[in-house]
Amino acid sequence: MPNQTNRAATRKIRSSYFTTTISITLVLFLLGMIGLLMLNANRVSEYVKENLSLTVTFAADAREAEIRQIEKQLLATPQVKSVKYIDKEEAARQMEENLGEDFVATLDMNPLLPTMEVKLFAEYADERGMEAIAQTVRDFKPVREVYFEQDVVNLIHDNIRRISLVLLCFSAVMLLVAITLINNTVRLMVYSKRFLIRTMQLVGATRGFIRRPFLAQGVAQGLIGGLLANAMLAGVIFLAAKELPGVIGFNDVTSVAALFVAVFAIGVLMTIASTASSVNKYLSLRTADLYV
């Protein structure tokens with residue numbers, strides 16, 4: 001009978017330890033996801049801005065040598081990230097793919113004009129920056145028209161600002177929730193052992209001696225939780241990198257490494273702080289209060 005009781009107690013302790021560790025892991029994973037979102041928010045913003053293009057249309061009699069010269073001058077401009085020249089033949093092939101028929105043969109001519117797509121670096125991809133480049137390009141002789149979707153540019157910038165603000169507020173709230181969850185999880189674990197703490201006090205154990213195994217267990221749970229959470233984060237980053245190449249991935253090794261270290265540190269520090277606070281609470285309670 002005593003052996004059965006001991007085995008039941010051992011299973012209960014292991015189950016409690018496992019449940020607490022899994023809870024800490026999930027909370028740390030949540031924090032890691034928030035950190036990942038924050039790290040990539042700027043990259044996503046840059047990705048969107050740098051895919052806004054300014055379209056340049058050339059006159060039908062423009063010589064390719066002149067257009068190539070303009071291309072070189074634009075590429076030498078600090079604000080310009082890339083330039084893509086589309087000649088009349090390439091434009092006709094793209095139009096044929098979109099329409100599904102050879103309109104050139106039908107018309108017996110190619111009415112399309114050579115164009116150029118100009119993309120700017122993120123810091124210049126706003127209405128003012130694009131208008132400045134457009135004004136510069138308009139001064140070139142063979143240029144017929146320069147345009148960009150001004151309303152779309154303004155809408156994207158407004159939405160990016162709103163999303164950044166919402167993400168910041170959401171991150172602050174979720175950080176508070178995560179800290180509260182870790183604290184409550186550890187407190188429940190210590191609460192389940194409050195009578196063990198009182199027994200150790202009654203046999204003369206010092207406060208430091210009683211705290212030591214609880215703190216060691218908290219550190220172990222924080223480390224294990226951090227390791228599992230980082231493994232889950234690595235999986236998320238790997239999958240996201242395949243779906244969103246260039247936006248989320250392991251390219252920024254320093255930031256990803258800092259995020260993983262932060263998850264470990266938060267896991268260990270939070271479990272230590274919560275464990276120490278909870279143990280100190282029950283060390284100071286009277287025996288009668290343990291039943292409340």
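**Close-up views of a predicted model**

**View 1. Overall make-up of the protein.** The protein contains nine helices and four strands, where helices (H or I, at least four residues) and strands (E, at least two) are DSSP runs numbered from the N terminus. The model is predicted, so that local features need pLDDT of at least 70 and side-chain atom pairs count only at pLDDT 80 or more, whereas totals for chains, interfaces and linings use all residues. Residues are numbered from 1 along each chain as its sequence is written, and side-chain values use heavy atoms, with hydrogens and water left out. Starting at the N terminus, the order of elements is α-β-α-β-α-α-β-α-β-α-α-α-α. Of the 292 residues, 36% count as buried, buried meaning under 20% relative accessible area, exposed over 50%, and partly exposed in between (1.4 Å probe, protein chains only).

**View 2. The four-stranded sheet.** An open sheet is built from four strands in the order β2-β3-β1-β4, with antiparallel pairing; two strands pair if DSSP finds at least two bridges between them. Because β2 (80-86) and β4 (143-147) stand at the edges with a single partner strand each, one side of each is left without a neighbour in the sheet. From one strand to the next, the twist averages 20°, angles being taken from 0 to 180 degrees between N-to-C directions of axes, which are lines fitted to C-alpha atoms, for helices over the stretch in contact.

**View 3. Strand pairings within the sheet.** Six bridges connect β2 with β3 (residues 115-120) in the antiparallel sense, and Lys84 has Glu117 of β3 as its bridge partner. Between β1 and β3 there are five bridges, again antiparallel, with Lys119 in β3 as the bridge partner of Ser53. Strand β1 is joined to β4 by four bridges, the two running antiparallel, and Phe58 stands opposite Val143 in β4. Five of the six residues of β1 are buried, which leaves this strand mostly covered.

View 4. Helix α2 (residues 64-75) lies across β1 (53-58), β2, β3 and β4, and runs at about 165° to β2. A salt bridge, defined as a side-chain nitrogen of Lys or Arg within 4 Å of a carboxyl oxygen of Asp or Glu, joins Glu71 to Arg68 at 2.9 Å, N to O. These two residues are separated by about one helical turn, because they are three residues apart in helix α2. Glu71 counts as buried at 13% relative accessibility, while Arg68 is partly exposed at 35%. Glu64, Arg68 and Glu71 are linked in a network of salt bridges. Arg63 and Glu66 also meet in a salt bridge, at 3.5 Å from N to O; Arg63 is exposed, with 55% relative accessibility, and Glu66 is partly exposed, with 26%.

**View 5. A nonpolar patch on the surface.** Phe18, Ile22, Leu26, Ile224, Leu228 and Met232 make up a nonpolar patch with about 500 Å² of accessible area together, as computed by the Shrake-Rupley method with a 1.4 Å probe, only the protein chains shown counting as cover for residues. Patches consist of residues with over 30% relative accessible area and no salt bridge, like charges being joined within 9 Å and nonpolar side chains (Val, Leu, Ile, Met, Phe, Trp, Tyr) within 5 Å. Helices α1 (2-49) and α8 (207-243) each supply at least two residues of this patch. One of its members, Ile22, is found in helix α1 and is partly exposed, with a relative accessible area of 31%.

Methods:
Contact = heavy atoms within 4.5 Å.
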